[in-house]
Amino acid sequence: MSVVSEDSLPVARAARRLGVARQGVQRIANELVRDGLAEFRDNPDHRTSPLLALTPTGRRALEAITVRADAAHRAMGEGLAQADLAAVRALLRRLTRQTDQWAEAEAEAGGAQRGTRSRATTGRVRTEEA
């Protein structure tokens, strides 16, 4: 919901911003529309790719989620030193980077074994014929 909270976006662009598969975002978008939290609007730039936008009900729901999340974050972070939080963030970034590198190396190794080359993009691996 937050990815379309400021600007309406096509589902594909929202998925790219989130770094996830379009199909998953499409499923969630359809559920949000079904539940009255979002709506599809005409896209002046692309006839067949409507824009996903929050409804007023969706905006209120996102605000409630944000308020609750902020309270939870404050409660969980209570008593933690800023240096500890910075160390955790740095560790998570390092683990994410190492996981991406490992996935890319695995894809390249698998592609070399099959006579194909692989290219990693935003956490997803596509295999192309060499």
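Student: In which order do the elements of the protein run from the N terminus on?

Tutor: This is a predicted model, in which local features need pLDDT of at least 70, side-chain atom pairs count only at pLDDT 80 or more, and totals for chains, interfaces and linings use all residues. Residues are numbered from 1 along each chain as its sequence is written, and side-chain values use heavy atoms, with hydrogens and water left out. Helices (H or I, at least four residues) and strands (E, at least two) are DSSP runs, numbered from the N terminus. The protein has four helices and five strands, and from the N terminus on their order is β-α-α-β-β-α-α-β-β.

Student: Over which residues is the pLDDT below 50?

Tutor: The predictor's confidence in each residue is given as pLDDT, from 0 to 100. Where pLDDT is low, the predicted coordinates should not be read in detail. The mean for the protein is 87, and 85% of its residues reach 70 or more. One stretch, which has 28 contacts in the model beyond near neighbours in sequence, has a pLDDT below 50: residues 117-130.

Student: What share of the residues of the protein counts as buried?

Tutor: A residue is buried under 20% relative accessible area, exposed over 50%, and partly exposed in between, with a 1.4 Å probe and protein chains only. Of the 130 residues of the protein, the share that counts as buried is 21%.

Student: Which elements do the buried residues of H1 pack against?

Tutor: Val11, Ala14 and Ala15 are the buried residues in question. Down the axis of H1 they fall within an arc of 100° (taken from the directions from the helix axis to the C-beta atoms), so they line one face of the helix. Arg16 and Arg17, on the other side of H1, are exposed. With contact meaning heavy atoms within 4.5 Å, the buried residues of H1 pack against E1, H2 and E2.

Student: How far apart are the end C-alpha atoms of helix H2?

Tutor: The expected span of a helix is 1.5 Å times one less than its number of residues. Helix H2 (residues 22-34) has 13 residues and should therefore span 18 Å. The separation of its end C-alpha atoms agrees with this, at 18 Å.

Student: Which exposed residues does H2 carry on the face turned away from its buried side?

Tutor: Val25, Ala29 and Leu32 of H2 are buried. Their arc around the axis is only 60°, which puts them on the same side of H2. These buried residues pack against helix H1 (11-18), strand E2 (38-41) and strand E3 (51-54). The face turned away from them carries the exposed residues Gln23 and Arg34.

Student: Which strands stand at the edges of the open sheet?

Tutor: The sheet has three strands in the order E1-E3-E2, with antiparallel pairing. Each edge strand has a single partner strand, so one side of it is left without a neighbour in the sheet; these are strand E1 (9-10) and E2.

Student: In E3, which residue is the bridge partner of Arg41?

Tutor: Two strands pair if DSSP finds at least two bridges between them. E1 and E3 meet this with two antiparallel bridges, and the partner of Leu9 in E3 is Leu52. E2 and E3 pair in the antiparallel sense over four bridges. In E3, the partner of Arg41 is Leu51.

Student: At about what angle does H2 run to E2?

Tutor: Axes are lines fitted to C-alpha atoms, for helices over the stretch in contact, and angles run from 0 to 180 degrees between N-to-C directions. H2 lies across E2 and E3, and its angle to E2 is about 110°.

Student: What is the relative accessible area of Phe40?

Tutor: Phe40 is found in strand E2. Not counting residues up to four places away in sequence, Phe40 touches several residues, including Gln26, Ala29 and Leu52. Phe40 is partly exposed, with a relative accessible area of 33%.

Student: Does Asn43 count as buried or exposed?

Tutor: Asn43 lies in the loop between E2 and E3. Beyond residues up to four places away in sequence, Asn43 touches Pro10, Ser49, Pro50 and Leu51. At 11% relative accessibility, Asn43 counts as buried.
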